[in-house]
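I opened this notebook to record what I looked up in the structure. The entries are grouped by topic.

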Amino acid sequence: MLNAIVLAAGKGTRMHSNKAKTMHKILDKPILEHVYDTLDKLQCKNIVCVVGHGREEIEDYFSDRLTYAIQQPQLGTAHAVMQAISLKEKEGKTLIVNGDCPLIQKETYQKMIEMAEQYDLVLMTTKLDNPASYGRIVRNNDSVEAIVEYKDADEQTRAIKEVNVGIYCIDNQLLWKYIGEIDNHNAQNEYYITDIVKVFKKHGLKVGACCFDDFNQLQGINSRLELLNASKWLQKKTNEYWINNGVTIIDPDSTYISTDAVLSIDTIIYPNVRIEGKTVIGQNNIIEEASCIINSKIGDNNHIIASRITDSEVGSNVTVGPNAHLRNNCKIGDNCRIGNYVEMKNTIFGKGSKCAHLTYVGDSTVGQNCNFGCGVVTVNYDGKNKHRCTIGNHVFVGSNVNLIAPVTIGDYAVLAAGSTVTDDVEEKDMAIARCRQQVKKGYGFKYLNK
Ligand code: UD1
Ligand code: CA
């Protein structure tokens, strides 16, 4: 069994921010969510997230997706681990993970976990030409003896190139047996989890280090510059993956694709496009500049131009935009047209229906092969409640029609342009709801020359 403790209670002073450090985003997800999703993929059973500084923000975002332990005040990384006491009786290994290391890939963890079968404690390490303030790995004839923090290290120790990444795989029973022996006699007067190495060695336990050389994925994020570098690396890696799997990305530097999105072959993505969340995009789509697609499902052969689509589904052979907005659970059928400045919300729009210009359709069900003229508005909100419009198949909605919801329109009905429709219209009927025109002979010319 694999347990995990994620440390995310620190202040993150070097970010210069009011936000909790681990809530800063890389692509579309907070740092902490990247960490958590990887642990989830590793099938960790019991994950405890230690929170303290900025914990309200973390708890608001994740709510009951995470199990929390509160560290207040924050007295160092070992003190943070101690707060996950609910794991004390658990069997197996525990991963201790710095919450600010979001890019470590599943395969990297797996190698370390495999190695840990032979040890009581395994550290993840890397070698750096410029090891900066990372904790140094002190070895004696290859065997790992200690981790020494930069602030506590002498010149000779600072010269060591192998550093602590901040990820540990440890026997859970031994962790809880010995963690109390860590003290805070160091430069920062903090309880360091890194001192668990010394404690384990003292008791004759087996400590190993699993050294990796891809620093990009191992780096901890302490400053906004490190956040930027991490974002750029993940963006590039994700885009290259899709390029190698049949997607054309015209300008990868300005294209941002979530690590949770799935794309298909022959889709072309123009510059300045963002694809976020668990979006799924089918084959042969063209997604033009300034489009943003979030948590949505897009079929095949669509053409999306400068539009925003959130939490919605689009079928196949649909054109969307320029400047359309589909949001909050829209379902657009095949062969539809959603044109310029059209907004739809919580609406089912049937196969082959068209809505080409300047229209708002909210809380509605629209059948197949309908045509909406320019400037149609479903008046779905009466100031207190939202109501639905239900529109059948083959309905023709003239330009500038207001549908005052709730209202039901039957198949093959026609709503005359400019009508404000307040009552149901039965199938095959035509509704005209506007004043008859009056014409005053010659009065226009007289008016203009007054
Ligand atoms: C830590 C390691 C260092 C390692 C580096 C890798 C220690 C003492 N040092 O240093 O050896 O090279 O990570 O990135 O562990 N946290 C808490 N409670 C606290 C203090 C910190 O939850 O009281 C959390 C932070 O939110 C952060 C993580 O622990 O997510 C690491 O803390 P941080 O202060 O960033 O440690 P580093 O100085 O980077
Ligand atoms: Ca750190």
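The entries below cover conventions, the metal site, salt bridges, surface patches and backbone geometry.

**Conventions.** I worked on a predicted model, in which local features need pLDDT of at least 70, side-chain atom pairs count only at pLDDT 80 or more, and totals for chains, interfaces and linings use all residues. Residues are numbered from 1 along each chain as its sequence is written, chains are lettered from A and ligands numbered from 1 in the order in which they are written, and side-chain values use heavy atoms, with hydrogens and water left out.

**Metal site.** Which residues coordinate the calcium ion (ligand 2)? I found Asp 100 (OD) and Asn 222 (OD1), at 2.3 to 2.6 Å. Donors are N, O and S atoms within 2.8 Å of the metal (3.2 Å for Na, K and Ca); water is not among the atoms, so the site may look incomplete. The two residues are 122 residues apart: Asp 100 is in the loop between β6 (93-98) and α4 (106-115), and Asn 222 in the loop between α8 (215-218) and α9 (224-243). Helices (H or I, at least four residues) and strands (E, at least two) are DSSP runs, numbered from the N terminus. I noted both Asp 100 and Asn 222 as buried. Buried means under 20% relative accessible area, exposed over 50%, and partly exposed in between (1.4 Å probe, protein chains only).

**Salt bridges.** I counted a salt bridge where a side-chain nitrogen of Lys or Arg is within 4 Å of a carboxyl oxygen of Asp or Glu. The structure holds 14 of them. Lys 21 is in the loop between β1 (2-8) and β2 (25-26), 79 residues from Asp 100. Lys 21 is buried, as is Asp 100.

Arg 139 and Glu 162 form a further bridge, with the closest N and O atoms 2.6 Å apart. Arg 139 lies in strand β8 (residues 136-140) and Glu 162 in strand β10 (residues 162-171), so the pair ties together parts that are 23 residues apart in sequence.

Lys 201 is in helix α7 (residues 196-202) and Glu 145 in strand β9 (residues 143-148), 56 residues apart. A network of salt bridges links Lys 29, Asp 37 and Asp 260.

**Surface patch.** A nonpolar surface patch of about 370 Å² is made by Tyr 443, Tyr 447 and Leu 448. Patches are made of residues with over 30% relative accessible area and no salt bridge, with like charges joined within 9 Å and nonpolar side chains (Val, Leu, Ile, Met, Phe, Trp, Tyr) within 5 Å. Tyr 443 is in helix α10 (residues 443-448) and is partly exposed at 39% relative accessibility.

**Backbone.** Where are the cis peptide bonds I noted? One joins Gly 321 and Pro 322, with omega about 5°; another joins Ala 405 and Pro 406, with omega about 0°. Pro 322 lies in the loop between β23 (319-320) and β24 (325-327), and Pro 406 in the loop between β34 (402-404) and β35 (407-409).

I noted a positive phi, near 45°, at Asn 295, in the loop between β18 (292-294) and β19 (297-298). Asn 369 has a positive phi of about 55°.

Note on methods
Areas by Shrake-Rupley, 256 points an atom, 1.4 Å probe, with all protein chains shown as cover.
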